[in-house]
Amino acid sequence: MFVERRSQIVSLDRIYQQCSEGKGGISQIVGPVAGGKTELLKVFIERLNSEGATVLEAVGSPREYDQPFGILRQLFAGLPDPIDQRRIQRLLTDSVTRPVGSDDGAPFLHNHANQELWATVQRLSDSAPVAVIVDDLQHADLASLQSLLYFGGRLRAARVLIVVTQMDVPLSADQQRAVLVTELLRQPRFRLLRADPLTPDGVRELLTEHLGVAVDQERARPWHRITGGSPFLLKALIEDNKITGRSPAEPLDEPIAGEEFAKAALACLHRGGRIFLRTAECLAALVESGCYSVLPQLVGEDEDTVTGVIAAMSAAGILDGRRFRHPATRTAVLSALSGPARAELHNRAAGLLRDNGERACRVGIHLVAAGCARPPWALDVLMTSAQEALRRDDLGFAAQCLRLAETVSAGLEQRIAVAILRIHTEFRVQPDNAQAQVAAVLDAVRGGRVPVDQMIGLLRPLLWQGRLSEAAVILERLEHTADSLDDRAAADLSSVYTWIRSTHPALAGSGWPTVLCHSAQVAVVANRPVRGPALLADVLESGPTEHTVPTAEWLLRTTPLDGPRLNSIVAALLALAHADRAAAAEQWCNALLDESITRGARTWQALFTALRAEVAIRQGDMHGARRDGLAALRLLPREAWGVAIGSVMSKVLIAATALGDWQTADECLTEMPDAVFDTRYGVQYLYARGRRLLAADRLPAALDDLLTCGRLMDEWGIDQPTFVPWRADAVRVLLRLGREGQAGELAAEQLSRTTDQQPRARGIALRTLAATETDPRIRKETLLRAVDALENCADRVELAYAVADLSDTHMRLGDPRRARQSAQRAVRLAEAGSLAPLLGRLDFGRRLPEPVAITPATSPADTDNEMLSAAERRVVLLAASGHTNREIAAELYITVSTVEQHLTHVYRKLRVKGRGELAAHLNGSGVGNRGAAARSGVDTDRQPLLSR
């Protein structure tokens, strides 16, 4: 089967029949490079041989393009008589002349020599028709073309047929050659046959033929897209997929373009001639920048010629317009170039693009690809490219530009500028790479050789990486110039101060950066608008106000997403979340995250993913918080997070603890850099770690973290329950430790710091206060208020715990019906959020919804069916679930001695020896110390040593 070439075969058969009847002619098969023209010739030659015809064959080659009589020598080397072969070869050597008045023009044969050649062909045709076959006529030498033209004028009454193949687009600017080819094809009985690329149906048919199984159109579509219908490329692609064990019959599967396809693509380019290969090389280089306007200049041809070449390469299945159909072709083209050749190509492209006025970043792409920057203008281009890349968060390219810029010869001021910009970049990519630049710049700062604006710009990256001592060097220098700062510099310094207030409150309140405090007044003078960091700092220091939400939403609506404004956007999102607008904050996070993904900004993706984890916690979505927190850590290496690593880790830690995912939680208990604990991120981490330690019954360690968190927040003036409600967990630790008085003071203080306009913080504070109440009636009323407040916010986790507390209180008040209702609701909330620790606590509430009679497995008659008191039942349930005597006392608001007395009475009544037998006795529940310990991640034999 010959796919989509049947009509051409029929036409060639008809032409041969006419030739046999003495009506010779010329036929031309036209098509793209490697489009099946040669295969068509082979089929025709086989038919000629089977008919007994004499076939004289030759193949044009770009390597023999300028060799005189190359085609003729090939043709007549196929003569059946060796004597005739030698005679013709001598004729081609001895009968050569050149154009009159030219010493270097193309040679041609004397007229008598052409006559003798034609006579030889005619003698052959006396016994059988003769077919003169020339493949790739576009590569034929001029002398041979002239002789073929001579033959063409004498075919009318001869049994001689000339069949040639040629590419669609003439690729030579040689006018003489073009004229000869045109004249040859104007001879009588000329026939044009086309060998066009395969259609999608043709591709499907060829796949079916090679596989031996039917392939439908849908499955064939990707194969046609990659090859453009080129039979040559298609067969190579099939071979690649056979090698890898994949079948083209697999539905909708993307074929693998491997080594065979790459070799076939290169072969197509070489067969197309040097201009094909050169154009492909230039296109492969320009893909980096996407600027194709300089392609003709880079190739070294006029625009019409290059346009024709691109059309021919598209027809050949190599290109789709100016785009490579498959990246494997581009890779193969570039791999075939030597390193110096690639560098030269990119440097030439950079120069042409710069001369054409292209943007610096597009020029810089080629300088980076070249790996060397020789032109004197290269430094400015690389610096500008790096700055533009930073604005769009393309940190990798910015770093490449700056590393290359450091190799360019420049003055001291320029070298310092490069080093400072590289510090900004490397701290966000690979902080260790910035060590040398930091040292060099600080030396220059001490020597007074760094401009004020650049010194101010260095403060943020240094503080972000926790390099307080290096930042102090710059601040000390700025102290000496504070009075001489112009309005612009003072305003920039004020902006830095505002950012420090929201991230490094320890510095904002300290004495040594007085120049920062001085510059804070300049914001009013310079009439600078409100920015996100200022809004967040106000929320941290004073709590949300009626202006917080509208201001945050205005900032988010009006601030474009780019590098310089990223801090403002992040701060506005956090302010919105702290103001209990979690749903709105989530919507903004999702929109900004989508934009970051679309723009390929990996750092922005990481930041907004981490912010979404923060919002998820405030919504009670612990699964989402854990997922997003871990995703953020995967998006950026830990070092690149700087001091903010404390905040990201805290989100994962809080979520994993709430879910009972102890392995993930404990993986977050790693050593933090000291500088983290000078920032708001540090207090967030202390709070999260304190909660994990509390869940593991490490009470002293938990209290230490939580009180340290509170002390730092108080010292820094950011002690707001809307930010970190540390007192709530500290109260629970204190109650377990029997320090009821201190717990009550903390609970009351937390409530005093909240308002009715802060439902989440208010609800948490009320639940905390309820835990300290000794009167169960007051406790119930307080919990009802807490539940009411939490109903008005998105946090289902806090609501679940408040409802669970309410169930316990109803039970204590002797109201089992309401206790059961609250317990059932708490279970639903806990199950919806997969809150394993809370479900463990509620387990007995589900198993024993009403007071029950508990009897020993074997007991004397005088104790059979003896009922436990309500107080004893409450103690039993907590003891069997793994609570210690002190914890039971704190939970039930009784003394430890009372707990011990109740347990002694229970053991005697039930005839059990201790807690282990007690748990097994309770209806086979099997929940004892080890069950509770397993739920909290604590080994009762050997507690894990948690890193603090």
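**Salt bridges and surface charge in a predicted model**

The side chains of Glu-541 and Arg-501 meet in a salt bridge, 2.8 Å from N to O (a salt bridge being a side-chain nitrogen of Lys or Arg within 4 Å of a carboxyl oxygen of Asp or Glu). This pair links distant parts of the chain, 40 residues apart: Glu-541 lies in helix H28 (residues 532-542) and Arg-501 in helix H24. Helices are DSSP runs of H or I of at least four residues, numbered from the N terminus.

The model is predicted: local features need pLDDT of at least 70 and side-chain atom pairs count only at pLDDT 80 or more, while totals for chains, interfaces and linings use all residues. Residues are numbered from 1 along each chain as its sequence is written, and side-chain values use heavy atoms, with hydrogens and water left out.

**Exposure of the linked pair**
- Arg-501 is buried, at a relative accessible area of 14%, whereas Glu-541 is partly exposed, at 31%.
- Buried means under 20% relative accessible area, exposed over 50%, and partly exposed in between (1.4 Å probe, protein chains only).
- In helix H24 (residues 487-503), 13 of the 17 residues are buried.

**Other salt bridges**
- The whole structure contains 52 salt bridges.
- Glu-426 pairs with Arg-422 in a salt bridge, their closest N and O atoms 3.1 Å apart.
- These two residues, Glu-426 and Arg-422, are 4 residues apart in helix H20 (residues 412-429), and so are separated by about one helical turn.
- Glu-426 is buried at 0% relative accessibility, and Arg-422 is buried at 10%.
- A network of salt bridges links Arg-767, Glu-798, Asp-805, Asp-808 and Arg-841.

Methods. Expected span 1.5 Å × (residues − 1).
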